[in-house]
Amino acid sequence: MSSTITTSSLGYPRIGRNREWKKLLEDFWSGKISEKELRSGMSGLQLQHLKTQQHAGIDLIPVGDFTFYDHVLDTAAMFGIIPPRYGYEGGEISLELYFAMARGSAGATACEMTKWFNTNYHYIVPEIGEQTPVLTANKPLAAYRFAKEQAGIEGKPVVLGLYTFLKLSKGFRAADIAAVADRFLPVYIQLLQELQEEGVAWVQIDEAAVVTGLNAEEIKLLEHIYGTIASQVPGLKLLLQTYFEAAEPLEALLKLPVAGLGLDFVHDGGANLDSIRRLGWPEDKWLGAGIIDGRNIWRSDAAAKLELVRQLRNFVPDERLILQPSCSLLHVPVSVQGEDRLKSTVKNAIAFADEKLAELSLIAAAAADGQDSYAAALAENREALSLFRALPERGRKDVAEQAAGLQQLPDSRSLPFAERQKVQREKWQLPLLPTTTIGSFPQTAEVRQARLKWRKGVWSQERYDGFVRQQIADVIAFQEELGLDVLVHGEFERTDMVEFFGEKLAGYLFTKGGWVQSYGSRCVKPPVIYADVAFVEPMTVKESVYAQSLTKLPVKGMLTGPVTILNWSFVRDDLSREAVANQIALALRQEVKALEDAGIEMIQVDEPAIREGLPLKIEDHENYLNWAVRAFRIATNPVKDTTQIHTHMCYSEFNDMIDSISAMDADVISIETSRSHGELIVSFEEQEYDKGIGLGVYDIHSPRVPDTKEMTASIERALRVLDAGQFWINPDCGLKTRGWEETGAALRNMVEAAVQVRKAVGV
């Protein structure tokens with residue numbers, strides 16, 4: 001390990017190699033373990049993570065990044081920012097209250113949840129009202145003491161920066177952000193002073209929001225925040241950490257009175273290095289250089305990283321250079337160890353969190369001590385990547401030919417929506433305010449066990465197919481009994497809405513333990529696009545056709561859209577994301593046509609992740625939205641005018657992209673509004689939307705069952721700005737994670753709410 005170039009980690013995956021974190025939480029929520037057992041288990045997992053980073057040779061090990069649910073929720077709770085509906089009267093935040101904010105309770109709805117910048121991680125949105133912030137507990141200090149006492153580690157506390165915390169929050173006018181910041185500054189200063197008094201050397205202040213762009217007023221606010229902190233806590237070294245994009249204007253950030261600045265040199269498009277070449281680097285600042293990709297799973301090209309380090313050393317001396325991942329490793333799985341089902345050529349090209357830490361140590365050591373000392377390790381890296389890049393499936397001629405003909409493909413329906421709507425109404429004869437669901441129904445332990453037995457060969461294909469058919473038959477009967485107007489087949493054959501399609505498309509591979517956290521205890525195992533994506537055979541026709549044979553009501557075919565498949569996969573990094581999205585769109589286009597040819601003429605192509613892929617800088621939005629919308633239209637346009645295309649989006653702010661949503665030209669779109677308390681509805685007061693729309697009337701991510709009155713109020717609020725003829729009634733997302741009892745209760749209330757509103761409008 002180098003004695004002059006420091007290494008650092010910005011955060012480590014919480015979930016554990018075998019998702020121990022998830023199990024602890026869910027066992028606690030279900031009453032299987034006590035709070036004491038939960039805390040003990042979490043402490044053991046936290047210690048394990050610290051020691052893993054210590055054994056990897058990392059110099060600055062983060063502490064305080066570990067959480068019981070979400071780090072933004074932790075910050076709100078730490079400062080006593082508890083919405084009034086929870087009845088908080090001060091003092092320590094109990095776990096009951098903490099989890100109520102995240103998941104809801106019998107007496108209060110959960111706080112809103114939305115995407116963490118342009119990732120698939122979800123955070124709990126703080127609701128800042130008139131409360132006076134108070135330090136209820138110093139979480140980073142407790143984490144620092146834990147690491148020192150339990151592992152002998154002088155940790156680097158991680159704190160969510162005040163500017164970013166406020167930018168991620170709601171409950172105040174944007175124009176009042178400076179005044180709100182002044183209310184919070186005393187508690188931030190108190191927190192940092194306590195760290196300074198403890199003898200902490202470095203504190204990582206995460207200010208990711210600065211990469212979205214800074215105007216003059218925002219720069220002034222940052223100068224005020226950090227000028228005030230520097231004057232009150234002069235003995236603490238602060239590393240102001242940015243990630244996910246270029247930090248601009250860099251010259252303004254370099255003037256802030258902090259000890260160092262952390263920059264992303266992976267996802268910045270080269271802009272950070274260009275700025276450093278133009279500006280130089282201050283003699284009083286450390287540089288935290290994010291050189292290892294913290295968001296994707298591909299092994300680093302060591303030679304390219306060493307060249308990047310060489311260029312940085314022209315501006316920053318070794319004694320003020322910190323090498324680190326581009327962001328927290330929260331976004332990648334824990335370890336490649338155990339991935340014994342992967343071909344060695346592929347496995348050797350993959351790096352999860354533990355492997356990324358090893359890469360970091362190797363590059364720092366080779367940079368400082370000379371590459372000759374690490375020749376064998378560098379040669380192995382070079383050979384592994386060379387073999388992987390040469391795989392024939394990464395350069396298929398047929399896929400290249402399809403891509404070359406893409407511009408000649410029409411990307412629009414034969415009739416505009418207003419004319420399609422007329423023929424579709426005549427064909428489907430649906431009631432006003434038609435009711436439906438988003439697609440999935442509860443995936444019970446019985447369903448998961450049946451799938452596992454089939455995958456392990458304990459069950460034959462015939463037996464498993466019979467099981468799935470029975471589940472479909474049961475859920476069709478269940479939906480008919482509830483009185484829903486448009487049905488779904490329940491998706492019992494699907495583990496995950498992206499993995500299912502990846503398993504049936506060429507160009508994908510699947511890991512055994514490649515889990516990452518999506519929200520709360522919800523973990524997903526993103527499939528891996530390692531080669532060219534292509535259609536192989538129909539993927540959803542069998543189940544959809546069987547479901548439709550059981551009922552006279554329409555059954556929607558259910559697909560995941562090209563941009564969501566892209567954004568929820570780990571994607572090859574040698575092609576543009578647009579090129580990969582187009583490959584997926586062309587494959588889905590064939591599936592859409594196969595469904596229609598089989599008699600399925602309502603087809604839902606979900607795009608819940610289209611918003612999260614939006615670049616963080618406004619000037620880059622238009623290009624992304626243009627190709628994302630085109631990919632959706634390529635996938636969905638080869639159908640008859642009477643075939644109704646649905647789509648679904650969830651847990652994102654859509655106010656700024658309503659025009660692009662309309663341009664997707666789906667006949668019906670459902671969008672989450674329940675958890676954001678209907679705020680999206682305001683958009684429709686300001687801009688017209690002419691297509692069918694379902695604004696989810698209840699939150700499926702909470703176990704809470706809202707009553708009919710509550711849902712009726714949601715519908716009535718929407719109808720104040722939307723025509724009843726375009727409005728659909730549905731939950732805000734799929735029901736996969738819910739239990740049957742709460743699902744039935746909630747859907748009954750939803751159907752009854754629709755009936756009551758129909759009567760109220762005279763239908």
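## A pair of packed helices

Is the crossing of α22 and α23 left-handed or right-handed? In this predicted model, the crossing of these two helices is right-handed. Helix α22, made up of residues 577-597, packs against helix α23, residues 621-636, at an angle of about 20 degrees, and their axes are 7 Å apart. Because angles under 35 degrees count as roughly parallel, α22 and α23 are described as roughly parallel to each other.

On the α22 side, the contact is formed by R577, E578, A581, N582, A585, L586, L588, R589 and V592, which meet W627, A631, I634 and A635 of α23. By residue class, this contact between α22 and α23 divides into 9 nonpolar, 1 polar and 3 charged residues.

## Two nonpolar cores

The largest nonpolar core has 103 residues, and those with the most contacts inside it are W116, F184, L192, Y226, L287 and L323. Helix α7, spanning residues 177-198, supplies the largest share of this core, with 11 residues. Apart from this core lies another, of 95 residues, which includes L586, V629, I671 and A718; L586 is also one of the α22 residues that meet α23.

When neighbours within four places in sequence are left aside, W116 is in contact with H71, V72, Y121, H122, Y123, L160, L168, Y243, F244 and H331.

## Backbone features in loops

Most residues other than glycine have a negative phi, and most peptide bonds are trans. Against that background, F117, which is not a glycine, has a positive phi of about 50 degrees. F117 is placed in the loop between β3 (113-115) and β4 (122-124), and because its relative accessibility is 15%, F117 counts as buried.

D665 likewise has a positive phi, near 65 degrees, in a residue other than glycine. Its place is the loop between α24 (658-663) and β19 (668-672), and D665 counts as buried at 15% relative accessibility. The peptide bond from E248 to P249 is cis, with omega near -5 degrees, and P249 is found in the loop between β7 (237-241) and α9 (250-254).

## A partly exposed tyrosine

Y374 is found in the loop between α13 (353-369) and α14 (375-389), where its relative accessible area of 23% makes this residue partly exposed. Not counting residues up to four places away in sequence, Y374 touches L362, A365, A366 and D369. Y374 and L509 are 135 residues apart in sequence, and the distance between their C-alpha atoms is 31 Å.

Technical notes
Residues are numbered from 1 along each chain as its sequence is written. This is a predicted model: local features need pLDDT of at least 70, side-chain atom pairs count only at pLDDT 80 or more; totals for chains, interfaces and linings use all residues. Side-chain values use heavy atoms; hydrogens and water are left out. A nonpolar core is a set of buried Ala, Val, Leu, Ile, Met, Phe, Trp, Tyr and Cys residues joined through side-chain atoms within 4.5 Å. Buried means under 20% relative accessible area, exposed over 50%, partly exposed in between (1.4 Å probe, protein chains only). Helices (H or I, at least four residues) and strands (E, at least two) are DSSP runs, numbered from the N terminus. Contact means heavy atoms within 4.5 Å. Axes are lines fitted to C-alpha atoms, for helices over the stretch in contact, and angles run from 0 to 180 degrees between N-to-C directions. Angles under 35 degrees count as roughly parallel, over 145 as roughly antiparallel, 65 to 115 as roughly perpendicular and the rest as oblique. A crossing is left-handed if the near helix is turned anticlockwise from the far one by less than a right angle, and right-handed if clockwise. Ala, Val, Leu, Ile, Met, Phe, Trp, Tyr, Cys and Pro count as nonpolar, Asp, Glu, Lys and Arg as charged, and the others, Gly among them, as polar.
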